[in-house]
Amino acid sequence: YEFVLAMLFAIEEINRNPDLLPNVTLSFTLFGAHCDSTTTEVNSLNLFSKYELINPNYICAMSSCDVILTGPSWTASTKIGTLLCYLHSPKPITYGPFHPILSDYDRFPHLYQMAPRDTYLPLAMVSLLLHFKWTWVGLVITDDDQGVQFFSNLRQEMHRNEICLAFVNVIPVNMQVYIMRAETYYNQIVTSSAKVVIIYGEKNSTLEVSFRRWECLGTQRIWVTTSKWNTLTRKRDFNLDLYLNTFIFSHHHHEISSFKNFIQTVNFSTYPNGITLKQLSWMYFNCSTSISYCKTMNNCSSNTILEWLLQHSFDMSMNDDCYNIYNAAYAVAHAFHEKLIQQVDIRGMEKQTHLMHECSQIPISVCSMTCSPGFRKSHQEGRAACCFDCSPCPVNEISNATGMDQCVKCPDEQYANKEHNCCLPKAVTFLAYEDSLGMSLACMALGFSALTTLVLGIFLKHQDTPIVKANNRTLSYILLISLLFCFLCSLLFIGHPNLVTCILQQTTFVVLFTMAVSTVLAKTITVLLAFKITAPGKRMRWMLVSGTLNFIIPICTLIQLFFCGIWLGTSPPFVDTDAYSEHGHIIIMCNKGSVTVFYCVLGYITSLALVSFTVAFLARKLPDTFNEAKFLTFSMLVFCSVWVTFLLVYQSTRGKFM
């Protein structure tokens, strides 16, 4: 009811002002609100105002809504803001308390908040506590971002002024969770020796349920809160002691003396919108639709309404929400006023320009036309300064004004648009499983892992056959298991990088791959020695008989582990960003750390591969009965070719595909 009165008062005041919107009448349409019967409170008091420009004969000149006024609950404003975020009209304005979520321009680009921020509220409350020398107080907040931020700011101010918190009640937003803990919150207040309690949070919430419960249980405390809780002390059956023991902080605004007279003389029957007392049934704050002095609402007179308001302690001055509505109406009126003036000026200028263009057309006298946004001046050598060419801005540079001498480079986290007249934020990206490349690599890695597992299973099934024994089945098992884990290592390169995966990406792969290459080397040497030095009298025959060749794999692997230890000890890999490889993207990637050690690791694998190829080449003409000499030679030749190709391609690749 207060909000409607504030809106009617502002509209009438604007329409009586001859200097604001002359010859235009500003009107609004009131849409109803719904009442939550389960809590007997006004759950969401939504006031939508439809402004229309109307000529003196009340003929509509604009048929669509231009502005929607919503509040006081911020949740209602978010719903309206989300609904209208893709529309250019109407523009939502919220008159409720300031909320940080509503300032998110990306979510609500066209929503405006009339209420100021509560920046100095913690300082004001601490000043009040210092004035009365209250140094032991309690705090009750809602469990949301706004409540936590207020608690942080208040605690800093209290710490600076040596004020202590006796307890902090963080009321959960979920009603079921609150009901389970309600008794704990109540006991925390009544058992505490603190006589002063600060309350901060939203109305129509579990925090309000707590406050009403404590009131019904007769909790005697000095309450310190904000103006959004002011209406709780003006309901029908309020506790006078509770009201007198409440300090309410409100934003400062000028008193409007004529508002009281307007309330006492208002007559709803004169309004064409058809506003009746029945439509405003939500004005009775506990959702009652009956008034003891009226049998039916339609029979209530203005005097009866005034009498009812006075008996229910209605505040004749504007509160914060009403003042925000009052300011919102004036803001819209001034916006329309400026729009009308601009339309008149533009029409006058167009007419004047047309006339001037027909008695006196002024010729253009320039050496070069002004460069448009996205271009820069390129002065011509040997010619006057006002003679120049317009050159496009270089890559990732912009010019957002006409006639610029130089283009401006975009920050690292932004990139120039196609027209080179503004910088756009870069999108953060990485090689994800959802990408086509990431999905292909994952499928290939799993496929080859399955194939390797299948081959390993075949070897195990036929482990006692002559061909498996002749191929040194132990080395074959080690080689297949190493290859299996090498394929699975590919999965470490896919997904959002973190410190653990960055360290494991390179080190795990090089160790496993070294084990695989050294196994091939051991198999090749074994084949060679089996045919070259197994004859009686050969001095190196003991190497094959004693099993000395089995130490090739651990020795080669330990050398690689030594390199990896130096790598991790001096300059290990870490999570990094690359803002230059891909246009318009910031790539989250793993930085290798020490490049020198990285290439030493790759060089060591290369050297093992060359040695294996050399030994396999020497054994290529051995008898191929029960040995794989020819296959080893061909395999190592292919491997060396692929390895050299890999190093070249790796150096020429950039971005998340590297």
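**Side-chain pairs and annotated spans**

Arginine 212 is partly exposed, at a relative accessible area of 22%. In this predicted model, the side chain of arginine 212 forms a salt bridge with that of glutamate 208, with an N to O distance of 3.0 Å. Glutamate 208 is buried, with a relative accessible area of 2%. Both residues belong to helix α6 (residues 206-216), where they are 4 residues apart and therefore separated by about one helical turn.

Side chains of opposite charge can pair when their charged atoms come close. The count of salt bridges in the structure is 6. Another of these joins arginine 160 to glutamate 157, at 2.5 Å from N to O. This pair lies in helix α4 (residues 145-160); arginine 160 and glutamate 157 are 3 residues apart, which places about one helical turn between them. Arginine 160 is exposed, with 56% relative accessible area, whereas glutamate 157 is buried at 15%. A salt bridge is also found between arginine 16 and glutamate 12, whose closest N and O atoms are 3.5 Å apart. These two residues are 4 residues apart in helix α1 (residues 2-16), again a separation of about one helical turn. Arginine 16 is exposed, with a relative accessible area of 55%, and glutamate 12 is partly exposed, with 26%.

Aromatic pairs number 21 in the structure. In one of them, the ring centres of phenylalanine 509 and phenylalanine 513 are 5.2 Å apart and the ring planes meet at 15°, so the pair is stacked. Both residues lie in helix α14 (residues 499-532), 4 residues apart, and are separated by about one helical turn. Phenylalanine 509 is partly exposed at 24% relative accessibility, while phenylalanine 513 is buried at 14%. Elsewhere, one aromatic cluster is made up of Phe9, Phe259, Tyr323, Tyr326 and Tyr330.

Charged groups also sit over aromatic rings. The charged end of lysine 426 is placed over the ring of tyrosine 580, at 5.7 Å from the ring centre. Lysine 592 lies over the face of phenylalanine 598, with a distance of 5.2 Å to the ring centre.

The unreviewed UniProt entry lists residues 437-462, 474-495, 507-531, 543-568, 596-619 and 631-650 under "transmembrane region". In the model, residues 437-462 are 96% helix and 0% strand, with 37 Å between the end C-alpha atoms. Residues 507-531 are 100% helix and 0% strand, and their end C-alpha atoms lie 37 Å apart.

Conventions:
Residues numbered from 1 in each chain as written. Predicted model: local features only at pLDDT ≥ 70, side-chain atom pairs only at ≥ 80, totals over all residues. Heavy atoms only, no water. Phe/Tyr/Trp six-rings, centres within 6.5 Å; stacked < 30°, edge-to-face > 60°. Buried < 20%, exposed > 50% of the residue type's maximum accessible area, 1.4 Å probe, protein only. Lys NZ or Arg CZ within 6 Å of the ring centre and 35° of its normal. UniProt positions renumbered as here; feature names shortened; annotations may be inferred. Salt bridge = Lys/Arg side-chain N within 4 Å of Asp/Glu carboxyl O.
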